[in-house]
Amino acid sequence: MSESTDAWRAVAAGWERQRPLFLESTRLVSERLVELLDPRPGETILELAAGPGDTGLLAAGALAPGGHLVSTDVAPEMVEAARRRAAELGLGELVSFAVEDMESLSFADASFDGALCRWGLMLVPDMQAAATEIARVLRPEGRIALAVWADPDDNDWMTAAGRSAVDLGLVERPDPDAPGPFRLAREGALESLLTEAGLAVERVEEVAVTWRAASLDAWWEIARDTSRSLAVILESTTAEDAEAIRAGAERRLERYVEADGSLTVPGRTYVALARRPG
């Protein structure tokens with residue numbers, strides 16, 4: 001099990017706990033991905049890096065009758081969270097679940113009519129291998145709808161803690177080419193990756209997200225619960241350093257504090273639609 005997988009396993013419970021916040025803040029992205037994918041009755045759809053599964057489960061209802069969603073993630077705990085959510089929504093018969101590494105999928109060639117991947121591709125060590133695998137398991141004319149994060153400067157909710165730790169000299173500045181949320185933020189990077197994998201890119205567009213928390217205190221607890229990078233940083237720091245990281249992060253977020261003390265932080269992501277040529 002890779003270090004990255006271990007980190008995702010460690011925060012899976014937090015992602016499940018924070019599901020209501022994620023649903024509210026990221027719903028526009030998930031809805032747009034499903035709209036671009038345009039799932040239809042009888043189709044078989046693959047979700048990759050599903051996390052708690054919310055994006056794929058939005059698409060599942062459109063597959064009836066006769067269709068099926070396969071929800072996958074590299075972390076078994078995320079897969080189980082998605083399984084529980086599907087049961088809550090009464091979607092059990094439409095969905096199956098599997099632990100899958102995107103770089104080496106277990107499915108046969110041309111197994112799926114479509115695929116979804118929200119904020120997963122840029123986290124895989126070998127993105128080209130993952131993109132090639134996606135193309136391989138799609139049927140001719142099969143399509144994929146996916147999302148990646150835009151510029152880190154436009155996503156303060158996600159970067160405040162890490163940049164605070166960098167400023168304090170507690171961690172090195174992230175390598176922009178290493179697995180991480182902003183690895184495909186550069187203009188044209190996503191299109192190039194998909195094209196090299198043999199997929200035809202049909203559109204790339206921006207979608208806004210709006211993160212909300214009841215207070216800066218609440219934001220810190222959410223970040224500790226869900227950020228794998230922050231979890232790794234805090235594991236190797238003292239309590240004093242952790243407080244310094246928090247103070248620096250909160251200074252970065254102060255401009256987003258509303259009059260009632262709540263927090264409203266804008267963010268930006270890219271969504272794309274690509275197709276395997278027939």
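1. Ala49 is found in the loop between strand S1 (44-48) and helix H3. Helices (H or I, at least four residues) and strands (E, at least two) are DSSP runs, numbered from the N terminus. Ala49 has a positive phi of about 50 degrees, although it is not a glycine. Its relative accessible area is 26%, so Ala49 is partly exposed. Buried means under 20% relative accessible area, exposed over 50%, and partly exposed in between (1.4 Å probe, protein chains only).

2. A word on the source. This is a predicted model, in which local features need pLDDT of at least 70, side-chain atom pairs count only at pLDDT 80 or more, and totals for chains, interfaces and linings use all residues. Residues are numbered from 1 along each chain as its sequence is written, and side-chain values use heavy atoms, with hydrogens and water left out.

3. Two further backbone points deserve a look. Trp119 also has a positive phi, of about 60 degrees, and is not a glycine. Trp119 lies in the loop between strand S4 (112-118) and helix H5 (127-137). Trp119 is buried, because its relative accessible area is 9%. The peptide bond from Ala64 to Pro65 is cis, with omega near 0 degrees. Pro65 sits in the loop between helix H3 (54-60) and strand S2 (68-73). For background, most residues other than glycine have a negative phi, and most peptide bonds are trans.

4. Now the overall fold. The chain has 10 helices and seven strands. Its C-alpha trace spans about 55 × 40 × 35 Å along the principal axes. A compact globule of 278 residues would have a radius of gyration near 19 Å, and the chain agrees because it has 19 Å. That radius is taken over C-alpha atoms, and the globule rule is 2.2 Å times the number of residues to the power 0.38.

5. Contact means heavy atoms within 4.5 Å.

6. Of the 278 residues, 53% count as buried. The largest nonpolar core has 92 residues. Such a core is a set of buried Ala, Val, Leu, Ile, Met, Phe, Trp, Tyr and Cys residues joined through side-chain atoms within 4.5 Å. Leu46, Leu121, Ile144, Trp157, Leu184, Trp219 and Leu263 touch the most other members. Leaving aside neighbours within four places in sequence, Trp157 is in contact with residues including Leu21, Trp211, Trp219, Ile222 and Leu263. In soluble globular proteins, nonpolar side chains tend to be buried together.

7. Arg19 lies in helix H2 (residues 19-37). Is Arg19 buried or exposed? Arg19 counts as buried, because its relative accessibility is 8%. Beyond its neighbours within four places in sequence, Arg19 is in contact with Pro52, Asp54, Ala81 and Arg85. Arg19 and Arg85 are 66 residues apart along the chain, and their C-alpha atoms are separated by 9.9 Å.

8. Leu193 is found in helix H7 (residues 189-196). At 7% relative accessibility, Leu193 counts as buried.

9. Last, charge. The chain has 28 positive and 48 negative side chains, and the centres of the two sets lie 3 Å apart. Lys and Arg count as positive and Asp and Glu as negative, while His and the chain ends are not counted. The place of a charge is NZ of Lys, CZ of Arg, CG of Asp or CD of Glu.
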